[in-house]
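Subject: Structure handover

Hi,

Here is the structure for you to look over.

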Amino acid sequence: MIWLFLSEYLKVLTIAPCDAAEPWQLGSQDAATPVMQGIIDSHHDIFFFPILISVLVSRMLVRASWHFHYRRNPIPQRIVHGTTIEIIRTIFPSIIPMFIAIPSFAPLYSMDEIVVNPAITIKAIGHQRYRTYEYSDYNSSDEQSLTFDSYMIPEDDPELGQSRLSEVDNRVVVPARTHPRMIITSADALHSRAVPSLGVKCDAVPGRLNQTSIPPQREGVYYGQCSEIRGTNHAFMPIAIEAVSLKDYVSRACNHLSDLPAPTSVSRVSNHIEAPHREESSGRGGGGRDSIAIEMR
């Protein structure tokens, strides 16, 4: 009975992804993008060197304390010069940064990689206490646009299952296993958009446009926060990005467009989006960036 309980408990731990902060959490959140997976792998690889340095330095300290104790060696030997040890302690620290830097180039450049032909483009505008999102691909006019504001749900008004101080009233919905592009800016003060599971941390500067890619590889809800604490209630500006299937995304997007009936728009968009997706899944497509293009007119 106990083994059955433990097996089910371990199964839940291995299947349920960690896409939000948890109490007493020490490690990173589960990666949902190749960039975040590369960051986690680089962290694990680099962490080997601090452990190695700590072991060597601790051994030197213990050995010195043992051999140069005032009772065991009242008159310690005075060493004023040692060519071998000086060469080792000069070359060895210079080699360590090289082993750290070379594996870091791939995730570093992938974070700044620009999506040439994104599936969708979302513009995120930071305001004090809230954010505005605009799906630029679907805007036909100022009156016919897919734009909404996203506020944090108050601490005393969450529903069952919602995370405290992390849930919003309007989530950003993106299709999973595609390459959405997000353009980030601010309307008032400096903001910083950080979503750990997606490996995204990008500053929002008034008057400037920064862009980043958020290609989620699985469906789920990913939580983030404004990490630029520069004003009132900047700590209470959560981010919630929901990755859904292509069919669900098309249905939700069409339901928010007022100039097209939902059934007609779903059929038009589905025919345009599912064919390239099938090519990408079978390996015959040109990659996630130029395999999906959504147009709603």
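A polar contact here is a pair of N or O atoms within 3.5 Å; within protein, one must be able to donate a hydrogen and the other to accept it. Keep in mind that this is a predicted model.

Thr178 first. Thr178 sits in the loop between β4 (172-175) and β5 (181-186). The side chain of Thr178 reaches the backbone oxygen of Pro175 at 2.7 Å. Is Thr178 buried or exposed? Thr178 is buried, at a relative accessible area of 1%.

Now the pockets. The largest pocket has a volume of about 420 Å³. Its lining has 21 residues. Ser110, Met111, Glu113, Thr212 and Ser213 lie nearest the centre of this pocket. At least two lining residues come from each of α2 (34-46), α4 (83-111), β7 (200-204) and β8 (210-213). By type, the lining of the largest pocket divides into nine nonpolar, seven polar and five charged residues.

The second largest pocket holds about 330 Å³ of space. Residues lining the second largest pocket include Ile53, Leu56, Met60, Ile88, Phe92 and Ile96. Two elements, α3 (48-67) and α4, each give two or more residues to this lining. Which element supplies the largest share of the lining of the second largest pocket? That is α4, with six residues. The lining of the second largest pocket splits into nine nonpolar, no polar and two charged residues.

Best wishes

Note on methods
Residues are numbered from 1 along each chain as its sequence is written. This is a predicted model: local features need pLDDT of at least 70, side-chain atom pairs count only at pLDDT 80 or more; totals for chains, interfaces and linings use all residues. Side-chain values use heavy atoms; hydrogens and water are left out. Helices (H or I, at least four residues) and strands (E, at least two) are DSSP runs, numbered from the N terminus. Buried means under 20% relative accessible area, exposed over 50%, partly exposed in between (1.4 Å probe, protein chains only). On a 1 Å grid over the protein atoms alone, a cavity is a set of points where a 1.4 Å probe fits but cannot get out, and a pocket is an open set with protein on both sides within 12 Å along at least five of seven lines; lining residues have an atom within 4 Å of a point. Grid points are joined across faces, edges and corners, and a volume is the space filled by probe spheres set on the points. Ala, Val, Leu, Ile, Met, Phe, Trp, Tyr, Cys and Pro count as nonpolar, Asp, Glu, Lys and Arg as charged, and the others, Gly among them, as polar.
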